[in-house]
Amino acid sequence: MAAQLSTKVVRAGTATPGESRDAEERLAARLALPEGAGAPREPDDAAEVREVEAVILGGGICGVGAAVALKREGVDDFLVLERAEHLGGCWHHNTYPGCAVDIPSHLYSFSFALNPDWSRIFAEQPELERYVNRIADDFDIRSHVRFGTEVLDARWEERDQHWELQTNRGRLISRVFIVAAGPLHEPVIPDLPGLSTFRGEMFHSSNWPADFELSGRRVAVIGTGASAIQFVPAIQPEVAKLTIFQRTPPWVMPRLDWRTTRLERWALRQMPFLMHVERWAQWAPLDLLVGVVVRHPRLARLAHPVGRWHIRRAIKDPILRHKVTPNYVMGCKRTLLANSYYPALASPNVEVITSPAAEVRENSIVAADGGEHEVDTIIFGTGFHVLTDHPVAARIRGRRGETLAEYWHGSPRGYLGTVISGFPNMFMMFGPNIGTASGFVMAEAQLDYITGALRAMRERDLASIDVTEQGQRDFTAEVDEALQHSVFLAGGCTSYYIDHAGRVALAWPWTMRAMRRRLACFSLEPYNVRVRGHAPTAEPAETFV
């Protein structure tokens with residue numbers, strides 16, 4: 001994870017800057033925050049100003065990948081700014097029981113650093129954190145990292161054609177700014193009346209206290225997203241009572257997971273080409289499935305019988321079955337994979353409440369239907385701030401002087417998910433409309449594009465490049481047309497894929513293969529460029545592979 005704002009107490013999906021400030025102050029001392037989180041740190045005005053070629057914001061998957069890409073491109077004068085004291089991003093911070101990836105491991109990894117030693121088809125959190133750190137060590141990235149460094153303000157200086165970044169450890173000047181902070185890392189805590197009066201323990205799943213003892217506790221879980229379906233089965237056998245507050249049931253499908261054998265791992269080490277074969281064997285069906293589900297909601301319904309069968313085989317109670325059966329098209333919200341979630345819900349010590357939590361009292365939670373449920377622990381599985389209110393957007397100012405948050409105004413737009421008009425020489429990892437099945441595939445595609453841009457700037461002696469508003473509008477219109485009848489808009493649900501303006505702002509509408517192909521070549525055609533020592537100009541089209 002990278003520099004970010006402190007955890008906010010907000011109503012999920014309605015966050016605005018400055019919202020619930022009083023509640024935030026009351027609860028800050030009680031809610032465990034991610035390492036390095038909290039109020040923005042004070043700048044060190046006495047620190048020396050340093051100039052570098054590039055700054056990468058974030059030390060997670062995207063940040064480490066960007067550092068490797070710069071090294072491979074011959075750029076060695078760069079810094080990685082990481083707010084925490086460790087690399088790994090979400091795979092360092094999320095340590096809740098059962099934490100694992102929901103994409104097959106050989107696909108959820110870099111193609112240039114395949115790992116023969118995954119212990120499972122779906123790797124668990126400790127392995128993924130070690131994997132990211134191993135890449136940093138193998139490519140000598142750690143020497144470029146500045147831990148404990150938070151970006152307080154970043155602004156483009158048009159006169160000098162560079163970025164100026166104010167951090168808690170001094171000021172940086174950089175020609176290129178790569179934002180790799182990610183949109184899904186700042187926890188959302190619902191603003192429930194009475195939350196500060198609760199006498200028990202409470203925390204977000206991403207801030208799981210170390211060595212926390214759950215035995216014999218009466219636990220409430222608020223939210224049933226991707227994290228909850230992993231930690232609920234892990235803690236269910238330990239607790240005395242588990243009360244789950246579910247607003248909308250997710251589609252949960254079987255997960256084809258197993259432990260790899262020593263023989264399998266030995267074969268992959270001896271014959272590395274088998275890892276590429278396995279990667280493509282995982283890539284092809286997933287890419288086809290996601291493409292069909294996203295673009296053809298009616299075809300997505302063909303998977304519903306499998307989802308309902310998955311419920312029926314674990315849950316015999318017809319009332320509980322009805323509670324956990326979704327009434328929207330699969331894919332409208334994030335489809336989850338788990339084998340133990342439904343059996344956990346069917347356990348005698350578990351109760352599923354479909355009326356949302358409305359109030360917190362000293363020793364209980366009151367649901368909207370008036371039912372009161374005694375608990376001594378509250379775990380929030382309520383997700384994260386997404387791209388529509390990106391945690392760092394309010395700290396980045398572009399050429400026109402407005403922040404990225406002000407420019408987007410709750411509706412993120414960009415070009416190829418990587419650049420934003422009015423923010424020269426800035427590249428955003430996991431930007432608007434670039435989200436796809438595998439974060440590693442997405443990251444590699446974007447890094448191909450970014451290194452192509454840097455190559456063009458070097459070969460043409462360009463001081464800056466800035467995608468035109470027209471180029472960005474054309475891409476946005478192309479995306480909106482492709483997603484007009486997608487499952488996100490026609491599936492009968494609301495989700496974090498949709499922004500405040502009602503458009504799909506997060507998802508890439510085409511296949512992963514199409515993404516890799518389209519971002520493989522960088523063209524100056526949609527850009528305004530500025531040659532060193534000259535005024536801005538529109539350059540003729542030129543492609544850099």
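Two residues are in contact here when heavy atoms of theirs lie within 4.5 Å. Keep in mind as you look around that this is a predicted model.

**Stop 1: S355**

Leaving aside residues up to four places away in sequence, S355 touches F245, A367, A368 and D369. You will find S355 in the loop between strand 14 (350-353) and strand 15 (357-360). Is S355 buried or exposed? Buried means under 20% relative accessible area, and S355 has 10%, so S355 is buried.

S355 and A367 are twelve residues apart along the chain, and their C-alpha atoms are separated by 5.7 Å. Next, show the backbone of A368 and D369. The side chain of S355 reaches the backbone nitrogen of A368 at 3.1 Å. A polar atom of that S355 side chain also lies 2.8 Å from the backbone nitrogen of D369.

**Stop 2: the whole chain**

Zoom out for a moment. The protein chain has 16 helices and 25 strands. Of its 545 residues, 58% count as buried. Consider the contacts between residues at least 6 apart in sequence: 72% of them join residues at least 24 apart.

**Stop 3: S206**

Select S206, in the loop between strand 9 (201-204) and strand 10. With 3% relative accessibility, S206 counts as buried. Which side chains does S206 join through polar contacts? One is the side chain of H204, at 3.0 Å, and another is the side chain of N207, at 3.3 Å. Not counting residues up to four places away in sequence, S206 touches H93, N94, P187 and F384.

**Stop 4: helix 5**

Select residues 228-235, which form helix 5. Seven of the eight residues are buried, so helix 5 is largely enclosed by the rest of the structure. Colour the buried ones: A228, I229, Q230, F231, V232, P233 and I235. What do they pack against? Show strand 10 (218-222), strand 11 (241-245), strand 12 (252-253), strand 13 (336-337), helix 11 (341-345) and strand 18 (377-380), and you have their packing partners.

**Stop 5: helix 2 and its neighbours**

Select helix 2 (residues 61-72) and helix 4 (residues 125-138), whose axes are 10 Å apart and pack at an angle of about 20 degrees. Angles under 35 degrees count as roughly parallel, so helix 2 and helix 4 are roughly parallel to each other. Helix 2 passes helix 4 in a left-handed crossing. On the helix 2 side, I61, V64 and V68 make the contact, while helix 4 brings V132, I135 and A136. By class, this contact has six nonpolar, no polar and no charged residues.

Keep helix 2 and switch to helix 13 (residues 439-460). These two helices pack at about 40 degrees, with axes 10 Å apart, and helix 2 passes helix 13 in a right-handed crossing. From helix 2, show I61, C62, G65, A66, A69 and L70; they meet F440, M442, A443, L447, T451 and L454 in helix 13. The residues of this contact divide into ten nonpolar, two polar and no charged.

**Stop 6: A520**

Finish at A520, in the loop between helix 16 (512-519) and strand 22 (522-523). A520 has 27% relative accessibility, so A520 counts as partly exposed.

Methods. Residues are numbered from 1 along each chain as its sequence is written. This is a predicted model: local features need pLDDT of at least 70, side-chain atom pairs count only at pLDDT 80 or more; totals for chains, interfaces and linings use all residues. Side-chain values use heavy atoms; hydrogens and water are left out. Buried means under 20% relative accessible area, exposed over 50%, partly exposed in between (1.4 Å probe, protein chains only). Helices (H or I, at least four residues) and strands (E, at least two) are DSSP runs, numbered from the N terminus. A polar contact is a pair of N or O atoms within 3.5 Å; within protein, one must be able to donate a hydrogen and the other to accept it, and residues adjacent in sequence count only if both atoms are side-chain atoms. Axes are lines fitted to C-alpha atoms, for helices over the stretch in contact, and angles run from 0 to 180 degrees between N-to-C directions. Angles under 35 degrees count as roughly parallel, over 145 as roughly antiparallel, 65 to 115 as roughly perpendicular and the rest as oblique. A crossing is left-handed if the near helix is turned anticlockwise from the far one by less than a right angle, and right-handed if clockwise. Ala, Val, Leu, Ile, Met, Phe, Trp, Tyr, Cys and Pro count as nonpolar, Asp, Glu, Lys and Arg as charged, and the others, Gly among them, as polar.
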